[in-house]
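I opened this notebook to record what I looked up in the structure. The entries follow the order in which I consulted it.

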Amino acid sequence: MERPLAIIVEDDPDLSTVFAEAVQAAGFASETIYNGTAALKRLEGTAPRLLVLDLHLPGVTGDRILDFVNEQPHLAGVQVIVASADDRSAQALYGKASLVLLKPISFIQLRDLAGRFITNEG
Amino acid sequence: MTVFWQQLITVPTTDPDDSRRRSLLNIVLFTFATLAVIGIVLLLLRTRVLTGASSEELFAFYGYVIFLVLAAGLYFVNRNWSGTVASLTLVMLLSVLLAFVDDPREIADGRSLVVFAIPVVLASVLLPAYLSFIVAAVCSVVITVVALSLPNVSPNTFAMVVYFAIAVVSWLSGRGLEQALREVRGLNNELEKRVQDRTRDLREALFREQTEARKNHTILQSIADGVIVFDELGRASVANPAVNGLLERPESRILGATIDQLMDTVAAENQVEVKELFSPTAVQSVPLNVEWGGRTLSLSVAPLQAGQAGVGGTVAVFRDVTREAEVSRMKSIIVAMVSHELRTPLNAVQGLAEVLQQGVYGRLADKQQVTIDRIIINTKRLMSLVRDLLDQAQIEAGTLKIESVLFSPSELVDAVREVVGGLAKDKGLQFLVTIDEALPSTLVGDPQRLGQILINLTNNAIKFTETGSVSIRLYQFDLVHWAMEVADTGPGIPISAEAYIYDAFRQIDSSGSRRHGGIGLGLSIVKRLVTVMEGDIKLSSRLGRGSTFTVLLPLVHPGPHLLT
């Protein structure tokens with residue numbers, strides 16, 4: 001069976017490695033994008049099962065990408081896990097995303113949380 | 001006319017008694033002179049200007065003239081030289097005159113004795129008491145000698161006794177008058193002195209008050225803080241120059257205005273806060289920072305004490321804190337940036353270590369596993385230090401926000417156990433977690449911050465306890481509070497330290513910092529978080545036995561708005 005796709009949008013290469021390993025360990029196929037503009041472009045044509053989204057991104061910021069995901073009908077089924085270092089901007093996003101995680105985000109934490117979405121189709 | 005008469009009569013001297021007697025003498029002399037003039041005029045009319053005057057009438061005429069000249073002479077002496085001499089001369093002249101007018105027999109038989117009373121009475125009025133006594137005594141002696149020395153005449157003893165009585169009474173009344181006047185003058189002087197003292201006191205008080213008022217006015221005019229005094233009706237009655245600049249409006253547009261009218265450049269939501277500060281029931285005593293036009297102003301409001309100066313109302317002090325507010329904003333931004341920049345690589349270190357630990361890249365040898373575990377524990381410690389610093393910065397900047405959401409106490413302690421359980425195990429300590437059954441299974445609060453409180457307290461407990469146990473207990477404290485308790489079997493905290501254990505960057509034994517790690521922010525943050533949550537923290541400790549921290553928190557019943 002083909003693994004569902006998880007897109008990681010995170011500009012820090014080390015952290016994106018950790019996130020990628022975590023979603024893979026949870027059973028996803030992962031793809032990493034390092035800036036906002038590229039992420040928007042990719043999401044125009046693809047609807048992943050899971051989107052792990054950093055807020056502080058070069059180019060288009062994370063909350064604009066989140067708005068885009070919430071607006072586009074073809075992205076309605078995407079589960080979004082927001083990863084933020086700033087708890088004040090994170091608080092503003094509760095309700096817009098499936099999960100809002102405050103950095104530091106551990107490998108184990110993300111693996112276990114992502115695992116919840118592997119079987120959940122909605 | 002009266003003034004001229006006064007000038008004619010009074011003799012200015014320093015002794016008020018002497019002055020009074022000399023004035024009286026002048027009046028007597030003027031009376032005598034007037035009588036003499038009347039006598040002369042009558043004589044001239046009756047004798048057709050002396051053409052048909054008898055020798056007796058001529059004698060009387062010269063008598064009157066001499067009398068007039070004597071009166072003028074005595075007046076001159078009285079005015080320019082001595083009142084006593086003039087008076088004494090007049091009295092003696094009168095006595096001699098009277099003695100010669102009557103036959104000595106008439107004196108002896110008492111007929112003209114009464115006439116002798118005239119000089120004695122005059123002496124008592126015109127002379128000092130001792131001299132009037134001498135005059136009375138001399139006259140008495142003369143009369144006695146005359147009366148007893150005449151042959152064939154039996155002296156009228158009764159008339160003599162009456163005369164002596166008149167002399168004594170005259171002398172006594174003169175003396176009494178003198179004494180009474182002296183007392184009155186004494187009283188007058190005392191009164192005058194009192195009036196002077198009182199006047200001086202009043203003048204000094206007035207001067208002090210004026211100085212004080214001037215000083216206050218100068219202070220008000222020169223301080224950099226803006227001051228407006230509002231009267232009982234809420235209208236500005238006093239405004240200093242500084243406030244014109246701060247509110248960017250001239251004094252004329254401040255005086256008489258209400259606080260509402262002054263707030264046209266303040267955002268609506270801030271206006272509400274300002275108005276609350278002015279309401280009579282306001283309890284806030286800390287200044288309020290308000291964006292006012294282009295400035296940030298710190299505003300404090302205090303009621304004027306009615307009754308003290310008889311005025312009510314309020315005084316508002318405006319301080320320009322634009323720069324401080326800017327610095328504080330910058331500080332917050334910098335701290336947020338730095339903490340973000342620190343967290344990201346730390347997060348990467350922790351995450352990558354966990355990737356290895358979890359065997360994603362293959363099973364690790366035992367020593368590798370232990371090493372990776374150590375890396376993860378130390379990274380977590382570093383991470384919690386960064387979080388503490390950020391929290392402290394947020395607390396100082398007043399930007400710390402507390403959530404109010406539903407959470408489960410058991411999930412809360414599970415999360416705590418995950419972080420600190422390993423540390424306790426490493427030190428060989430027993431780690432116990434209890435949740436009382438009576439505690440509701442769902443509570444309202446900020447689970448992340450509550451977890452932070454528990455982690456900080458438990459971390460401390462583990463840090464300072466070498467043997468025994470560390471335990472966490474959650475329970476319902478009373479009807480309106482629930483409690484989190486962290487107890488250890490460590491060295492205990494001395495009572496003397498209780499006062500400062502919640503201070504930032506402080507540990508009881510500063511030499512212990514190195515051994516125990518940490519920078520002394522844990523309890524300070526706990527205390528602040530508990531305060532922001534409207535809770536309370538208590539410590540009970542026994543040296544050598546251990547410490548127990550109890551955090552009391554308000555029990556909020558979950559309303560429907562929280563059930564999302």
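**Entry 1. Contact between the chains**

I began with a helix pair that spans both chains, and noted that α1(A) and α12(B) cross in the left-handed sense. The model is a predicted one, and I read every entry below with that in mind.

Which residues of α1(A) meet α12(B)? I listed A:Asp14, A:Leu15, A:Thr17, A:Val18 and A:Glu21. On the α12(B) side I listed B:Thr344, B:Asn347, B:Ala348, B:Gly351, B:Leu352 and B:Val355. By class, I recorded 5 nonpolar, 4 polar and 2 charged residues in this contact. I kept in mind that residues three or four places apart in an α-helix point the same way, because there are 3.6 residues a turn.

**Entry 2. Chain A as a whole**

I then looked up the secondary structure of chain A, which comes to 5 helices and 5 strands. Along the sequence I read the pattern β-α-β-α-β-α-β-α-β-α. Of the 122 residues in chain A, 52% are buried. I also looked at contacts in chain A between residues at least 6 apart in sequence, and 60% of these join residues at least 24 apart.

**Entry 3. Strand β4 of chain A**

How many residues of strand β4 (residues 79-84) of chain A are buried? I found 6 of the 6 buried, so the strand is largely enclosed by the rest of the structure. In a regular strand the side chains alternate between the two faces of the sheet. I therefore checked each side of β4(A), given that burial of 6 of its 6 residues leaves it largely enclosed. On one side A:Gln79, A:Ile81 and A:Ala83 are buried, and on the other A:Val80, A:Val82 and A:Ser84 are buried.

Strand β3 (residues 50-54) of chain A pairs with β4(A) in the parallel sense, over 5 bridges. In this pair I located A:Leu50 opposite A:Gln79.

**Entry 4. The sheet of chain B**

I next traced an open sheet of 5 strands in chain B, with the order β7-β9-β10-β12-β11 and mixed pairing. The edges are β7 (430-435) and β11 (536-542) of chain B; each has a single partner strand, so one side of each is left without a neighbour in the sheet. I noted an average twist of 15° from one strand to the next.

Strands β9 (residues 469-478) and β10 (residues 481-488) of chain B are antiparallel partners over 8 bridges. Within this pair, I identified B:Glu485 in β10(B) as the bridge partner of B:Arg473.

Which strands does helix α14 (residues 409-426) of chain B touch? I recorded β7, β9 and β10 of chain B, with the helix direction at about 175° to that of β7(B). I found α15(B) packed on the sheet as well, touching β7, β9, β10, β11 and β12 (546-554) of chain B. The direction of α15(B) makes about 20° with that of β10(B).

**Entry 5. Helix α15 of chain B**

I looked at α15 (residues 447-464) of chain B on its own account. Its 18 residues reach 26 Å from first C-alpha to last, close to the 26 Å expected. I counted α15(B) as mostly covered, since 13 of its 18 residues are buried.

α15(B) also meets helix α17 (residues 522-532) of chain B, where the axes come within 9 Å and cross at roughly 145°. From α15(B), the contact includes B:Ile453 and B:Leu457, and from α17(B) it includes B:Val526 and B:Leu529. By class, I recorded 7 nonpolar, 4 polar and 1 charged residues.

I looked up B:Thr465, which lies in the loop between α15 and β9 of chain B. Is B:Thr465 buried or exposed? I found a relative accessibility of 0%, so B:Thr465 counts as buried. Among the residues it touches are B:Lys427, B:Val470 and B:Asp488.

Most residues other than glycine have a negative phi, and most peptide bonds are trans. I noted a cis peptide bond between A:Lys103 and A:Pro104, with omega about 5°. A:Pro104 is in the loop between β5 (99-102) and α5 (107-119) of chain A.

I noted a positive phi, near 55°, for B:Glu248, and one of about 60° for B:Glu534. B:Glu248 is exposed, with a relative accessible area of 56%, and B:Glu534 is exposed at 67%. I placed B:Glu534 in the loop between α17 and β11 of chain B.

Methods: Residues numbered from 1 in each chain as written. Chains lettered and ligands numbered in written order. Predicted model: local features only at pLDDT ≥ 70, side-chain atom pairs only at ≥ 80, totals over all residues. Heavy atoms only, no water. Helix = DSSP H or I, 4+ residues; strand = E, 2+ residues; numbered from the N terminus. Expected span 1.5 Å × (residues − 1). Buried < 20%, exposed > 50% of the residue type's maximum accessible area, 1.4 Å probe, protein only. Axes fitted to C-alpha atoms, helices over the stretch in contact; angles between N-to-C directions. Contact = heavy atoms within 4.5 Å. Nonpolar A, V, L, I, M, F, W, Y, C, P; charged D, E, K, R; others polar. Pairing = 2+ DSSP bridges. Left-handed = near helix turned anticlockwise from the far one by under 90°.
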